[in-house]
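Q: I would like to go through this model with you, one topic at a time. Could we start once the structure is on screen?

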Amino acid sequence: MLEEARRLVVVGDELVAGFGDPRALGWVGRVAARSQGDGEGLLTLSLAVPGETTTALAARWERELSSRRGERTWLVVAPGAGDLVAGTSMARSRLNLANVLDAAASAQLPVLVVGAPPRSDLPRAAQRELSEAFADVCGRRRVPYVETFAPLVDHEQWAADLAAGDGVHPGQAGYGLLAWLVLHHGWYSWLGVPAPA
């Protein structure tokens, strides 16, 4: 059964691991739980590096994926806002993501990108620009992109969840919002599983 299971490999920062979620599910766990409907099984592998930049992500993802890849593997790339913290130029951020997507395409891996959600410790304009840059890189390559910044930047529940913590990592409610955004932006068709009734 394990050999036949779909493999979902998710690379990104600590949000991929659900840091700050008291239920320890994060958005990845919630999305995986809603994606088990076809009876074939889904093996979800979250490969998180706290505070990761796109430069570091681009340097490691292929190596880490190689030992986890199966016959049916889907890749989710979830770059956080680490580039803004590190002072990475927007051009470099774009190039790093483009390199990942181009390599995934060459390896015939279905890939989906989940953008960085808003956080309270960074300028809004810079976060918006990064999200738009990621969206543009994905759009040029016809890679599905889940925008999280724009829907959440003025969302009261998201803001309250961040304020209750460290201003960077959401809690249970925030991760639920992220999971909803992923699930309602082409997730099921991309993964090739039926949406739950």
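Q: How many residues of strand β3 are buried?
A: This is a predicted model. In it, six of the six residues of β3, which runs over residues 73-78, are buried, and the strand is mostly covered.

Q: Which residues point which way from β3?
A: Thr73, Leu75 and Val77 point one way, while Trp74, Val76 and Ala78 point the other way. The residues of both sets are buried.

Q: Why do the side chains alternate?
A: In a regular strand, side chains alternate between the two faces of the sheet.

Q: Which strands pair with β3, and in what sense?
A: Strand β1, residues 6-12, pairs with β3 in the parallel sense over six bridges. Strand β4, residues 111-114, also pairs with β3 in the parallel sense, over three bridges.

Q: Changing topic to pockets: what volume does the largest pocket have?
A: The volume of the largest pocket is about 150 Å³.

Q: Which residues line the largest pocket?
A: The lining consists of Pro118, Arg119, Ser120, Leu122, Arg124, Gln127, Val153, Trp158, Ala159, Leu162 and Ala163. By class, seven of these lining residues are nonpolar, two are polar and two are charged.

Q: Which helices supply the lining of the largest pocket with at least two residues each?
A: Those are α5 (124-141) and α7 (156-164). Helix α7 gives the most, with four residues.

Q: Let us stay with Trp158. Where does Trp158 lie, and is Trp158 buried or exposed?
A: Trp158 lies in helix α7. With a relative accessible area of 2%, Trp158 is buried, because the cut-off for that term is under 20%.

Q: What does Trp158 touch beyond its neighbours in sequence?
A: Not counting residues up to four places away in sequence, Trp158 touches Pro117, Pro118, Leu152, Pro170, Gly174, Leu177 and Leu178. With Pro118 there is also a polar contact: the backbone oxygen of Pro118 lies 3.1 Å from a polar atom of the Trp158 side chain.

Q: What separates the C-alpha atoms of Trp158 and Gly176?
A: The separation is 9.7 Å, for two residues that are 18 residues apart along the chain.

Q: Which residues line the largest cavity?
A: Its lining is made up of Asp13, Leu15, Val16, Trp27, Ala78, Pro79, Gly80, Val114, Gly115, Ala116, Pro117 and Leu178. These lining residues divide into nine nonpolar, two polar and one charged. Ala78, one of the lining residues, is also one of the buried residues of β3.

Q: And which residues line the second largest cavity?
A: Asp13, Glu14, Leu15, Gly80, Ala81, Pro117, Pro118, Arg119 and Val168 form that lining. Five of these residues are nonpolar, one is polar and three are charged.

Q: On to the backbone. What is the phi value of Ala24, and where does Ala24 lie?
A: Phi of Ala24 is near 60°, a positive value in a residue other than glycine. Ala24 lies in the loop between β1 and α1 (26-33). Most residues other than glycine have a negative phi.

Q: Why does Ala24 count as exposed?
A: Ala24 counts as exposed because its relative accessibility is 61%, and the cut-off for exposed is over 50%.

Q: What about the phi of Gln108?
A: Gln108 has a positive phi of about 55°, although Gln108 is not a glycine. Gln108 lies in the loop between α4 (90-106) and β4, and with a relative accessible area of 69% it is exposed.

Q: Last one: where does Thr88 lie, and is Thr88 buried or exposed?
A: Thr88 lies in the loop between α3 (82-86) and α4. At 19% relative accessibility, Thr88 counts as buried, because buried means under 20%.

Q: What is Thr88 in contact with?
A: Leaving aside neighbours within four places in sequence, Thr88 is in contact with Asp83 and Ser93.

Technical notes:
Residues numbered from 1 in each chain as written. Predicted model: local features only at pLDDT ≥ 70, side-chain atom pairs only at ≥ 80, totals over all residues. Heavy atoms only, no water. Buried < 20%, exposed > 50% of the residue type's maximum accessible area, 1.4 Å probe, protein only. Pairing = 2+ DSSP bridges. 1 Å grid on protein atoms, 1.4 Å probe; cavity = no way out; pocket = protein on both sides within 12 Å on 5 of 7 lines; lining within 4 Å. Points joined across faces, edges and corners; volume = space filled by probe spheres on them. Nonpolar A, V, L, I, M, F, W, Y, C, P; charged D, E, K, R; others polar. Contact = heavy atoms within 4.5 Å. Polar contact = N/O pair within 3.5 Å; in protein donor to acceptor, adjacent residues only side chain to side chain.
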